[in-house]
Amino acid sequence: KGTVLVVDWLWSWGTHIREACPPSHQPVNMEDRPLSHPLSQRALGWWGMGLRVERIASWKDNYTYLLVCEATGDAAVVDAPELGPVVQRVDAIGARVRQILSTHHHPDHSMANPELAKLYDAPVLGHVSDRERLPGFTRGLEEGDTVAVGNHSARVLHIPAHTRGHIAYVFDDALAVFSGVVSKVAAYGFL
């Protein structure tokens, strides 16, 4: 299917990805980009309206992602530890948040879930094993499930390494993967 752009924690090992990816799929330098940047250009190409990826700085060294279907305006928030920056960006672009997607239960990826869920009347999705650990949890996902953001669909991959309930959201058509803490997979983590 082609090269997949791994979006989360990209800046920490961009050099290695640059060596493995063809020039058309090389990662952007996350530190030099504005807070709003459509990372996945393939989804815009042939189909007209794509999946827009908004990178939102949160805490001192984290990012939350706002995924917006440009055809419908429907959106999903991925890994939000902080409410304010997300609300500010959603309001600025007029997106309609329909769900909160969590890759794992750690607070630096999920602390704002309950507030976002209440504000946008949106469910919080995460792995079924995180039912008791993920703040605001309302719907459990397993390997092979799908999640829709407007007209775009993601496959759910269970990638237990950083945590037992760690999952990734794979948007095949957009060539994007939202995977949480990629650089730590198979290295260490708190279960």
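Trainee: Which side chain does the side chain of His109 join in a polar contact?
Mentor: In this predicted model, the side chain of His109 makes a polar contact of 2.9 Å with that of Asp79.

Trainee: And where is His109 found, and is it buried or exposed?
Mentor: His109 is found in helix H4, residues 107–110. Its relative accessible area is 2%, below the 20% cut-off, so His109 is buried.

Trainee: What about Asp130: where does it lie, and what is it in contact with?
Mentor: Asp130 lies in the loop between strand S6 (124–127) and strand S7 (139–141). Its contacts beyond four places in sequence are His104, His105, Phe137 and Gly165. Asp130 counts as buried because its relative accessibility is 1%.

Trainee: Turning to the sheet, in what order do the strands run?
Mentor: The order is S2-S3-S4-S5-S6-S7, an open sheet of six strands with mixed pairing. Strands S2 (51–58) and S7 are at the edges and have a single partner strand each, so one side of each lacks a neighbour in the sheet. On average, neighbouring strands are turned by 25° against each other, direction ignored.

Trainee: In which sense do S4 and S5 pair?
Mentor: They pair in the parallel sense, over five bridges. Val78 stands opposite Leu101 in S5.

Trainee: Which strands does helix H5 lie across?
Mentor: Helix H5 (residues 113–120) lies across S4, S5 and S6, at about 150° to S5.

How values were computed: Residues are numbered from 1 along each chain as its sequence is written. This is a predicted model: local features need pLDDT of at least 70, side-chain atom pairs count only at pLDDT 80 or more; totals for chains, interfaces and linings use all residues. Side-chain values use heavy atoms; hydrogens and water are left out. Helices (H or I, at least four residues) and strands (E, at least two) are DSSP runs, numbered from the N terminus. Buried means under 20% relative accessible area, exposed over 50%, partly exposed in between (1.4 Å probe, protein chains only). Contact means heavy atoms within 4.5 Å. A polar contact is a pair of N or O atoms within 3.5 Å; within protein, one must be able to donate a hydrogen and the other to accept it, and residues adjacent in sequence count only if both atoms are side-chain atoms. Two strands pair if DSSP finds at least two bridges between them. Axes are lines fitted to C-alpha atoms, for helices over the stretch in contact, and angles run from 0 to 180 degrees between N-to-C directions.
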